[in-house]
Amino acid sequence: MSTRAYAASTAKSPLAPHAITRRAPLATDVEIDVLYCGVCHSDLHQARDEWHEFAPTAYPCVPGHEIVGRVTKVGKDVKKFKAGDYAAVGCMVDSCRTCPSCTRGLEQYCVHFPTFTYNGQDKHSGSVTYGGYSERIVVDEAFTLKVSETANLAATAPLLCAGITTYSPLRHWGVGPGQKVGIVGLGGLGHMGVKFARAFGAHVVLFTTSPSKIEDGKRLGAHEVVVSKDAGAMKAHASSFDFVLDAVSADHDINAYLSLLKLDGTLCLVGAPEKPLPVAAFNLLLPRRSFAGSGIGGVAETQEMLDFCAERGIASDVEVIPIQKINEAYDRLLKGDVKYRFVIDMASIKQ
């Protein structure tokens, strides 16, 4: 069916109205009217083909993988959803489902590569997948998530990427009471990292380059806020952290944060800097530190995260915009001018 969307037609062109085709629901499919779609920094990277070596962009590109909407139709074999339910779609819409990663519920690490919500290859048509900057989407039930009837839908949308990207590593490395945890960067990812680390019972220290973010960092749940440009403040925390979550996508000195880890501490990177980050060997060797990475979460863990947030009243801090302001939002995103996630009200696509 013909569907209204916003797409980038080249790496340098602004996003503009574009018509795409969605398949009619198959036996296990769920059709969703998109109500809200979060704006992730990776949307901008992908639209501008800035990850060309890793994932070249196929044009036209319809971004959007933080999707919340209402179910309008279901296939005959669908069991978890019915028309009228709230539902969500994150960064994946399929995977091989049979490899060791998929059978462990880690579809995001599918050996044969997951099918991403946009700029992936649709298993049914063989064509490129299109994301949530559109009025509707059709997704297999196995990759569709339930949303609480009482949730703030706009503030829930960013949980599908920013939320699970920070929740998953904090859970994997067992962050909890009695631990000292650092969060690097207070943006779309970082502000969720602060909220989750606090909710898990850790002592949370936020690192930011901006003194203006000290008050907000504490409002969001940080026990302490350190301005990373202050060498004395950084030195005072040396070798004292159990875990550091680095949510910065810009170029930065990773060694400054590795030196904060205690024996057997871990620094996990969830931001995606465009260029490689130099690592000093002795920052890992002495005293036995780990430098790791993590990407989103599997379907089951993402549902766990949504349920956890619904129970605890945790959501993203958002600024809701109409789709017509998406290019302005991208420009502001590059300047860090958002607290802390843009979310598109997709009703505006019909205007």
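The sulfur of Cys99 lies 3.7 Å from the closest cysteine sulfur, that of Cys102, which is too far for a bond. A disulfide is a pair of cysteine sulfur atoms within 2.5 Å, and the structure holds 0 of them. This is a predicted model, in which local features need pLDDT of at least 70 and side-chain atom pairs count only at pLDDT 80 or more, while totals for chains, interfaces and linings use all residues. Residues are numbered from 1 along each chain as its sequence is written, and side-chain values use heavy atoms, with hydrogens and water left out.

Cys91 is buried, at a relative accessible area of 8%; buried means under 20% relative accessible area, computed with a 1.4 Å probe on protein chains only. Cys99 is buried as well, at 5%.

The interior can be described through its nonpolar cores, each a set of buried Ala, Val, Leu, Ile, Met, Phe, Trp, Tyr and Cys residues joined through side-chain atoms within 4.5 Å. The largest such core has 85 residues, of which Tyr133, Leu170, Phe196 and Ile326 touch the most other members. Apart from it lies another core, of 16 residues, including Val205, Val226, Val248 and Leu267.

Val62 is found in the loop between α1 (41–47) and β4 (67–74), and its relative accessible area of 0% makes this residue buried. Leaving aside residues up to four places away in sequence, Val62 touches (heavy atoms within 4.5 Å) Ala5, Tyr6, Ala7, Ile20, Tyr118, Tyr130, Gly131 and Tyr133. Val62 and Ala8 are 54 residues apart in sequence, and their C-alpha atoms are 6.7 Å apart in space.

Conventions. Buried means under 20% relative accessible area, exposed over 50%, partly exposed in between (1.4 Å probe, protein chains only). Helices (H or I, at least four residues) and strands (E, at least two) are DSSP runs, numbered from the N terminus.
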